[in-house]
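The following paragraphs lead through a single chain, from its overall plan to selected details. Please keep the sequence and the model in view while reading.

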Amino acid sequence: MSSTGQDAPGEAAAQEKARERAQIQAEANEYRQAYRRDKAKSQTVGNMVFAMAICLVVVAFLIIVTWRPKHEEVKAVEYTAQLQDARKAAPWVRGPEPMPSGWTANSVEFRAPQQEPITWHLGTVTDKKMYVGLEQSNMATGKFLADKLGRTVDDGTATVAGATWQRKVLLDRKNENALVLVTSGITTIVTGNAGYPALATFATALH
């Protein structure tokens, strides 16, 4: 009797088991590969987050170390002696007497060349940390105004200490205005970004 018929079921079962083992092995391999991919991805994202956190800490540290509050200190200058000297050469030179309360002079210059024009400058910082400057010259032409103010448009008039000043808006400087007075060939300009009331306060103090 041939054993072929009896061996066939056993062979088929063996083949089935082999297929199952192969499938299980394949699934295990796929699982391991997927795990490795997920782990690598997780490590990459974690590394990126960690590196970013380190960078942020370093940046924050540098900001804390290098940042300093911006306190712009006004460097005060003594102007009264130069004002008196300027008046000896040009009696029309004017200055604040006294300086408005809380205001500080921060620049002064008198130029009396052998040839005219003579110019006088006094810069101040108000009690509200705004700028007001005085410009004077014995040049009554528009050139002095253009040199000191640039382009302007008229903005009415203001009566200060009995005199009528021309109000002007400065087109080349943001939020700056000027009061202009021309008398007896002398041009007086009070200008700055402190607003017309502050300019008038300064003009009133001029003597």
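Two strands are said to pair if DSSP finds at least two bridges between them. Helices (H or I, at least four residues) and strands (E, at least two) are DSSP runs, numbered from the N terminus. In β7, Val190 is the bridge partner of Leu134.

The model is a predicted one, in which local features need pLDDT of at least 70 and side-chain atom pairs count only at pLDDT 80 or more, whereas totals for chains, interfaces and linings use all residues. Residues are numbered from 1 along each chain as its sequence is written, and side-chain values use heavy atoms, with hydrogens and water left out.

The secondary structure of the chain comprises four helices and seven strands. Along the sequence these elements follow the pattern α-α-β-β-β-α-β-β-β-β-α. Of the 207 residues, 28% count as buried; buried means under 20% relative accessible area, exposed over 50%, and partly exposed in between, with a 1.4 Å probe and protein chains only. Contact means heavy atoms within 4.5 Å. Among contacts between residues at least 6 apart in sequence, 44% join residues at least 24 apart.

The seven strands form an open sheet in the order β1-β2-β3-β7-β6-β5-β4, with antiparallel pairing. Its edge strands are β1 and β4, each of which pairs on one side only. Neighbouring strands of the sheet are turned by 20° against each other on average, direction ignored. For such angles, axes are lines fitted to C-alpha atoms, for helices over the stretch in contact, and the angles run from 0 to 180 degrees between N-to-C directions. Strands of a sheet pair through backbone hydrogen bonds, either parallel or antiparallel.

Strand β7 (residues 186–192) deserves attention next. With β6, strand β7 pairs in the antiparallel sense over seven bridges. Leu179 stands opposite Val190 in β7, and Leu181 stands opposite Thr188. β6 and β7 form a hairpin with two residues between them, and Ser184 in the turn has a positive phi of about 50°. With β3, strand β7 pairs in the antiparallel sense over six bridges. How many of the residues of β7 are buried? Seven of its seven residues are. Both faces are covered, with Ile186, Thr188, Val190 and Gly192 buried on one side and Thr187, Ile189 and Thr191 buried on the other.

Which elements of the sheet does helix α4 (residues 196–205) touch? Helix α4 packs on the sheet and touches β2, β3, β4, β5, β6 and β7, and its direction makes about 35° with that of β6. The buried residues of α4 are Tyr196, Ala198, Leu199, Phe202, Ala203 and Ala205. These buried residues pack against β2, β3, β4, β5, β6 and β7.

Glu135 lies in strand β3 and is buried, with a relative accessible area of 10%. The C-alpha atoms of Glu135 and Ile189 are separated by 5.0 Å, although the two residues are 54 apart along the chain. Not counting residues up to four places away in sequence, Glu135 touches Trp120, His121, Phe144, Lys148, Thr187, Thr188 and Ile189.

Trp120, His121, Phe144 and Lys148 are also among the residues that line the largest pocket, together with Glu109, Arg111, Pro113, Pro117, Thr119 and Asp147. On a 1 Å grid over the protein atoms alone, a pocket is an open set of points where a 1.4 Å probe fits, with protein on both sides within 12 Å along at least five of seven lines; lining residues have an atom within 4 Å of a point. About 170 Å³ of space lies in this pocket, where grid points are joined across faces, edges and corners and a volume is the space filled by probe spheres set on the points. β1 (104–111), β2 (119–125) and α3 (142–149) each supply at least two residues of the lining.

Some backbone details lie in the loops. A cis peptide bond, with omega about 0°, joins Glu97 and Pro98, and Pro98 lies in the loop between α2 (80–89) and β1. Ala161, a residue other than glycine, has a positive phi near 50°; its place is in the loop between β4 (152–160) and β5 (163–170). Ala161 counts as exposed, at 68% relative accessibility. Asn175 likewise has a positive phi, near 60°, and is located in the loop between β5 and β6 (177–183). Asn175 is exposed, with a relative accessible area of 59%.
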